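Colleague: I have a model open and would like to learn how to read its features. Could you walk me through them, beginning with the sheet?

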Amino acid sequence: LMQDRPFAEWLPEDFARIDAAVVAFARRLRRLLLRRRERAPTGFVDLRASLRAARGTAGEIIRLATKRRQRREPRIAVMVDVSRSMERHVPLFLRVARVFDERCDARVFLFHTRLACVGAMWHRSGRRMQEKIAAMSMGFGGGTRIASTVDEALSGPLRRLMGRHDVLLLCSDGFDADPPQRLAEVLVQAKGRGIEIVWLHPTREVPASQAVRTAVDAVRAFIPVHDLESLARLPTKI
């Protein structure tokens with residue numbers, strides 16, 4: 001597999017195959033999100049307007065006034081774990097994140113024990129900037145605080161941006177230095193806001209860490225990304 005070779009040994013055709021698979025992945029995910037948003041209720045009762053209208057009917061509400069919800073594109077955020085245990089997988093997941101940034105206007109973050117928003121860096125230059133981002137991610141090293149950094153993202157830069165029918169893509173092997181129950185607490189809060197958590201993992205099986213086992217019910221889907229075939233597969237229901 002190409003990801004079994006060092007990043008420096010990847011060939012142009014390797015990048016082309018990865019990008020094509022991720023583009024298809026992003027396109028299918030966006031279609032699923034749009035369909036779900038189209039099925040959502042388009043309006044809600046406007047109580048104030050209904051009461052104002054009732055003044056002309058002796059206070060009796062004859063017809064409920066409604067407001068139409070404003071349609072918007074589904075939003076996607078991508079968080080890439082760049083801790084030491086993910087070192088050999090980071091280049092592949094950075095390619096995934098870049099395609100989602102370009103195709104879906106996704107917000108992209110790197111994390112280990114702290115959080116870094118890097119989306120804007122993609123646009124400053126080409127291959128040189130990608131190498132700089134890869135070098136920065138490798139420089140993070142150390143352990144991972146998944147719960148803390150996800151909470152930081154959702155309560156900070158994503159607090160007003162993400163809500164119902166939006167998706168957070170977590171790219172991680174699931175090893176978390178935070179207390180195991182903390183991850184479940186954070187992801188349950190996100191689920192309560194209507195945010196869907198989709199977990200991309202570099203292993204064939206779902207990560208077996210205690211933190212992930214505790215939080216499994218708050219995750220919409222676990223998707224293995226260990227080869228091109230697995231990357232191209234997207235569940236029909238998320």
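Modeller: Happy to. Six strands form an open sheet with mixed pairing, in the order β5-β4-β3-β6-β7-β8. Strands here are DSSP runs of E with at least two residues, helices are runs of H or I with at least four, and both are numbered from the N terminus. Two strands pair if DSSP finds at least two bridges between them. β5 and β8 (221–224) stand at the edges with a single partner strand each, so one side of each has no neighbour in the sheet. From one strand to the next the twist averages 20°, where axes are lines fitted to C-alpha atoms (for helices over the stretch in contact) and angles run from 0 to 180 degrees between N-to-C directions.

Modeller: A word on the basis: this is a predicted model, in which local features need pLDDT of at least 70 and side-chain atom pairs count only at pLDDT 80 or more, while totals for chains, interfaces and linings use all residues. Residues are numbered from 1 along each chain as its sequence is written, and side-chain values use heavy atoms, with hydrogens and water left out.

Colleague: Which strands does β3 pair with, and how many bridges join them?

Modeller: Five bridges join β3 to β6 (residues 167–171), and these strands run parallel. Another five join β3 to β4 (residues 107–111), also parallel. Take Ala77: Leu168 stands opposite it in β6, and Arg107 is its bridge partner in β4. Val80 has Leu110 as its bridge partner in β4.

Colleague: Which way do the side chains of β3 point?

Modeller: The general idea is that side chains in a regular strand alternate between the two faces of the sheet. In β3, Ile76, Val78 and Val80 point one way, Ala77, Met79 and Asp81 point the other way, and all are buried. Buried means under 20% relative accessible area, exposed means over 50%, and partly exposed lies in between (1.4 Å probe, protein chains only). Six of the six residues of β3 (residues 76–81) are buried, so the strand is largely enclosed by the rest of the structure. β4 is largely enclosed as well, because four of its five residues are buried.

Colleague: What do β3, α3 and β4 make together?

Modeller: They make a right-handed β-α-β unit, with α3 spanning residues 90–104. Right-handed means that, with the strands pointing away from the viewer, the path from the first strand over the helix to the second runs clockwise. α3 has 15 residues and reaches 20 Å from its first C-alpha to its last, close to the 21 Å expected at 1.5 Å a residue; the expected span is 1.5 Å times one less than the number of residues. Since 13 of the 15 residues of α3 are buried, the helix is largely enclosed by the rest of the structure. Just after α3, Asp105 takes a positive phi of about 55°.

Colleague: How many disulfides does the structure hold?

Modeller: A disulfide is a covalent bond between the sulfur atoms of two cysteines. The cut-off used is a pair of cysteine sulfur atoms within 2.5 Å, and the structure holds zero disulfides. Cys104 counts as buried at 13% relative accessibility, and Cys171 is buried with a relative accessible area of 0%.
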